[in-house]
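Hi,

Here is the structure I said I would pass on. Have a look at it first, then read my notes below.

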Amino acid sequence: MYPIFRLIKERICLDRSKLGLFETHVSRHICWPWDLDPWMELNNGRTLTLYDLGRIPWSLRLGMIAPMRENRWGMTVAGSTPRYRRRVRMFQRFETHSALIGWDHRFLYMQQSMWRGGEALNHVLLRLATTDATGIVAPQRLISAMGYGDLPSPALPDWVQAWIEAEAQRPWPPMQAACPAAPATPRTDPQIAPKIAGRG
């Protein structure tokens, strides 16, 4: 079940100060018994859910929510790659850090990480898509609606560019060898070349 009460806590305890576009939002959490897997550590799926709880207040402090509501836009995770390095045990406290990296003509790119006592526990790279009824909205439209005008994205780091290129090579539909009844020739991943609202 989605942790609704945790989400409410994040909203109630939210730091209301405005966050700069590339500044980091920090949220604090505890690993509860219902977050554990059979090996008595933070479940990897729950880790991604807790990252979700970091993105919601991050987007509020960044000033994304108001223009998205005004324009009836949505936001979805269009891809993510986590890296796990240290276990999180029951009742351990940790911080989640969330920050924007930049954008291209299709997606926003952000990273999140969990920390305990100055040590990094895990990390995730994500691409986010702003959407409306006709498809994906160009990120620059969201950035402009947030009050930053035509501010260009900083150059994406090499490791992010390499991830984008690797994602572009993944076949879609996936796992064709395991599904011989499916079409033999994979199509282009629809996330790689989506229709962008407002573009031809």
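A quick word on terms: helices (H or I, at least four residues) and strands (E, at least two) are DSSP runs, numbered from the N terminus. This is a predicted model, so I kept local features to pLDDT of at least 70 and side-chain atom pairs to pLDDT 80 or more, while totals for chains, interfaces and linings use all residues. Residues are numbered from 1 along each chain as its sequence is written, and side-chain values use heavy atoms, with hydrogens and water left out.

First, the overall picture. The protein has 5 helices and 7 strands, and along the sequence they run α-β-α-α-β-β-β-β-β-α-α-β. Of its 200 residues, 40% are buried (under 20% relative accessible area; exposed is over 50%, partly exposed in between; 1.4 Å probe, protein chains only). Taking contacts (heavy atoms within 4.5 Å) between residues at least 6 apart in sequence, 71% join residues at least 24 apart.

On confidence, pLDDT (the predictor's own score for each residue, from 0 to 100) averages 89, and 86% of the residues score at least 70. The stretch to watch is residues 194–200, where pLDDT stays under 50. The model has 16 contacts beyond four places in sequence for that stretch.

Now to Asn122, which sits in strand S5 (residues 119–132). Is Asn122 buried or exposed? Its relative accessibility is 5%, so Asn122 counts as buried. Its side chain makes a polar contact with the side chain of Tyr51, at 2.3 Å (a pair of N or O atoms within 3.5 Å; within protein, one must be able to donate a hydrogen and the other to accept it, and residues adjacent in sequence count only if both atoms are side-chain atoms). Beyond four places in sequence, the residues in contact with Asn122 include Thr47, Arg83, Arg85 and Gln112.

In H4 (residues 139–148), Pro139, Leu142, Ile143 and Met146 are buried. Down the axis of H4 these fall within an arc of 95°, so they line one face of the helix (the arc is that of the directions from the helix axis to the C-beta atoms). Just after H4, Gly149 has a positive phi of about 60°.

In H5 (residues 158–168), the buried residues are Val160, Trp163, Ile164 and Glu167. They cover an arc of only 100° around the axis, which puts them on the same side of H5. They pack against strands S2 (74–84), S3 (93–103), S4 (108–116) and S5. Asp158 and Glu165 are exposed, on the face of H5 turned away from its buried side.

Cheers
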